[in-house]
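I set out to look up the pockets of this structure and what lines them.

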Amino acid sequence: MRNQDAVILGIETSCDETSAAVVVNGRQVLSNVISSQIEIHKEYGGVVPEIASRKHVECINFVIRQALQDANLTFQQVDAIAVTYGPGLVGALLVGLSAAKGLAYALHKPLIGVHHIEGHMSANYLSHPGLVPPFLCLVASGGHSHIVKVTAYGSYEILGQTRDDAAGEAFDKIARGLGLGYPGGPAIDREARKGDSGAISFPKTKFAGSLDFSFSGIKTAVLNYMHNQQQKGIDISIPDICASFQQTVVEMLVSNTLQAAVQENIQTICLAGGVAANSGLRKAFTERCEAAGYQFYCPELILCTDNAAMIASAGYYRYLDGDVKSLDLNASPGLKLGKNRA
Ligand code: KG4
Ligand code: ZN
């Protein structure tokens, strides 16, 4: 019988945030330290993998120590170490994984491997202590756009996913085209609040008989619109472009997720991933779920983007399940959801 009040140290380094957190019983965050590299990568317009790995190496030990200090705990008081081992940038993943393996070995504690997307979904357990499976979760981040049926803790069924770009990727690429910098999501969200979402009509992609997404069409349509207007010497309105683009993406995400809810007969819907921080998306889901009589949950903003508390929460349920990894666990940049059992 495993300890229900287990203290999990979570570690996350899959992209450009070095993070460590301490979470008790999968639900209560004692600390969540996030060292962001955004300011460094901004200069290059996106994440430079080699720089990300090096920065993780510089920060990881400090971040882990700070997480324990903030939680007022010693290493010995931790029950297990949970770490993201995929998907993500291989060099970045290896830094967190090596730190986790070193700690697990030195402290004789179990090593728990967590899928990054499973972590994002688990952020909802931290913000909503009463939430239990089954539920549907729309995961929209810089690398993923998935509709997932969470049938039980650690048990997932993918109902739909993007066939090309992820939603966050479309935000980032359009922001770059508009000269709004990196990361694009927050910048577009800000501009969109000042614009008219009905000003420009951009195409929505929908596949018959499928819950899959595609965002490369709208990305090209927005960039083409900008270039055409500029060639004609017509001034473009950045707020109108952002508002119209965001509204179209939000509609695609909401409509497929609600269709999945009807199809699966599930009345509880959650959001997760960096794009879940989008104010238009949160508002649309809140309104549409209320109208349909569905329960709707999304993590607080700091838990939407990459952080280690969500990894510790996901790790807790794997720990309860006895899903412990051996110390030869390797980073898996293309790890598939649901394929990460020991
Ligand atoms: O989950 P996350 O931190 O990292 C990945 O796992 O990819 O997500 C980052 C993505 C970026 O594409 C970023 O532009 C997007 O989330 N994002 C947003 C917002 N905040 C972050 N997209 C739309 N609106 C936002 N407010
Ligand atoms: Zn992420």
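**Basis.** I worked from a predicted model, in which local features need pLDDT of at least 70, side-chain atom pairs count only at pLDDT 80 or more, and totals for chains, interfaces and linings use all residues. Residues are numbered from 1 along each chain as its sequence is written, and side-chain values use heavy atoms, without hydrogens and water.

**Terms.** I took a pocket as an open set of points, on a 1 Å grid over the protein atoms alone, where a 1.4 Å probe fits, with protein on both sides within 12 Å along at least five of seven lines; lining residues have an atom within 4 Å of a point. A volume is the space filled by probe spheres set on the points, which are joined across faces, edges and corners. Helices are DSSP runs (H or I, at least four residues), numbered from the N terminus.

**Largest pocket.** I noted a volume of about 1,200 Å³. The lining has 40 residues, and S141, G142, D172, Y182 and P183 lie nearest the centre. I found at least two lining residues from each of α4 (116-127), α5 (167-177) and α6 (184-192); α5 supplies the largest share, 6 residues. By class, I recorded 13 nonpolar, 17 polar (Gly among them) and 10 charged (Asp, Glu, Lys and Arg) residues.

**Second largest pocket.** I noted about 260 Å³ of space here. Of its 15 lining residues, Q246, Q247, S279, G280 and K283 are closest to the centre. Two or more lining residues come from each of α6, α8 (238-264) and α9 (279-292), and α9 gives the most, 6 residues. I recorded 4 nonpolar, 5 polar and 6 charged residues in this lining.

Notes. Chains are lettered from A and ligands numbered from 1 in the order in which they are written.
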